[in-house]
Amino acid sequence: MTTAPSSDLLDRLRGLLGLRGVLTEPGDVAPYVSDWTGVFVGTAAAVLRPADTAQVAAAVGACAAAGVAVVPQGGNTGLAGGSVPDGSGDQVVLVLDRMRRVREVDPVADTITVEAGVVLHTVQQEAAAVGRLFPLSLGSEGSCTVGGTVSTNAGGTAVLRYGMMRDLVLGLEVVLPDGRVWDGLRPLRKDNTGYDLKQLFIGAEGTLGIVTAAVLRMLPDTPRRATALLALPSVDAAVALLPLLREHGGGELTAWELLSRQALELVTTHLPGARDPFEGPHPWYGLVELAGTSNSVEQRLEEALAAAVELDLVVDAVVAGSPAQRAALWALREGVSEVQKAEGASLKHDVTLPIAALPGFVDRVGPELVALLPGVRLVTYGHVGDGNLHYNLSGPVGDDLALRAAAPALTRAVYDAVAALGGSISAEHGLGALKRDAAAGYKSEVEVDLMHALKDALDPRGLLNPGKVLPERPGGG
Ligand code: FAD
Ligand code: MLT
Ligand code: ZN
């Protein structure tokens, strides 16, 4: 059972965090109670803005003692409603936006140590300033934070080469639900001293602890990029191209992204300056990028394209000839989330499948969805190189109500097909509030029990981000 903060607790929090650290005026609180999608809107008794780890610990400890639930928040760009409080008005949001210090950049150990509120783009820039690379790359990188990307185990466009956020974290500092601090901020590559505790908090979406700082890996810089947009006949071709791109691209293959015609059309309609670089329409497009240190990237890309054309896997190709052209090609891919919002309501399905199953999935589910809602628009795109599709839907033109009414059946059809083909219903966005109940239906009882056991061990009173990630137990709670 959680409770609303009393005026005494709010006074105590003001004493701990200062007046700037506690917001209660509705106008001040408003930006923190709805998310980027606009789908999730809650209310909060207060927004806490601690300035350092000691303040996070003190605030969480005070809330825990009073039985008040805390919702951690970073850049609020998550796509599963995890960072938004519920509608009770009893919860407090704890946002890390005053914790933006870069604690250390160590080019010898190849690590960067940052506070949780540091924006992802800043980490990339800090690494670049010492000639290194921080490779996590997302459309939201100008706003999302280290704490948020750790807590969602974010993916993005370079997972194919570098893995997810989990693969880039060496150490964490975490405030536990009772207010104690776990200092796991170690830069060690090897540390076999029992359970690897940091892994528990990575991808936990703020349900097990509040990440306050992280030690992240830096990698060799890859200033030379070769990028091309390919017109493809089918999803089959996109899948068949992957081994070919690997063979020719070697370790320099960094991105292999997919875009349907429908998705491209939305971008060219809504994104200022965006244009279709091909003369005619094509059913699918692939964005490939090789990155390295020499002009071998251009040569390798050319060889790969020649081989692909020979095998009829590519119908046409546009190779970026300058950084501006590269940016224009990437804008076509990364602009989709934003423009789909401009088009009205959308239904997001962030699914992943064994790569070979992607064509069968698309062939099977598309007609099922059209039968359920004639006129539904399949805005399909994503990270095909790692098997992750954003199988997002827009309603029939001008008919958001129809999309909303059909949403449960549409989502069910998508998830059932994903499960039947051995996939997962959340590839990189997490479960949050959006998918916590659906996930339970596609996980084994043992898996759900283990998740509850971990939650009970760390947060027995359910004070951190209640209502997120964990499916309700039979009988509630
Ligand atoms: P928030 O949205 O604030 O929070 C996300 C979750 O983490 C919530 O459950 C919250 O409670 C928890 N949390 C936040 N900070 C902390 C903390 N310090 N300690 C504990 N818990 C915390 N995601 C991808 O993976 N790949 C993509 O390619 C991608 N592209 C995107 C493109 C766009 C245009 C947008 C809007 C989003 C995209 N996302 C993508 C989703 C989103 O950006 C990521 O999930 C990101 O990691 C969220 O970071 P954030 O700081 O905004 O976290
Ligand atoms: C992306 O890769 O662009 C986002 O993760 C997808 C989305 O907004 O659904
Ligand atoms: Zn994505």
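Mentor: Start at the ligand: an oxygen atom of ligand 1 sits 2.7 Å from a polar backbone atom of G74. A polar contact here is a pair of N or O atoms within 3.5 Å. This is a predicted model, where local features need pLDDT of at least 70 and side-chain atom pairs count only at pLDDT 80 or more, while totals for chains, interfaces and linings use all residues. Residues are numbered from 1 along each chain as its sequence is written, chains are lettered from A and ligands numbered from 1 in the order written, and side-chain values use heavy atoms, without hydrogens and water.

Trainee: Which nitrogen contact does ligand 1 have with a backbone N or O atom?

Mentor: A nitrogen atom of ligand 1 is 3.3 Å from a backbone N or O atom of G156.

Trainee: How much of ligand 1 does the protein bury?

Mentor: The protein buries 96% of the 980 Å² that ligand 1 exposes when taken alone (Shrake-Rupley method, 1.4 Å probe).

Trainee: Which element gives the most to the shell around ligand 1?

Mentor: That is α5, with 5 residues (helices are DSSP runs of H or I, at least four residues).

Trainee: New topic. How are the rings of Y415 and Y442 placed?

Mentor: Their centres are 6.1 Å apart and their planes at 90°, so the pair is edge-to-face (centres within 6.5 Å, planes over 60 degrees apart).

Trainee: Which helices do Y415 and Y442 lie in?

Mentor: Y415 is in α14 (residues 400–420) and Y442 in α15 (residues 436–442), so the pair ties together parts 27 residues apart in sequence.

Note on methods: A polar contact is a pair of N or O atoms within 3.5 Å; within protein, one must be able to donate a hydrogen and the other to accept it, and residues adjacent in sequence count only if both atoms are side-chain atoms. Helices (H or I, at least four residues) and strands (E, at least two) are DSSP runs, numbered from the N terminus. Rings of Phe, Tyr and Trp (its six-membered ring) pair if their centres lie within 6.5 Å; planes under 30 degrees apart count as stacked, over 60 as edge-to-face and the rest as tilted.
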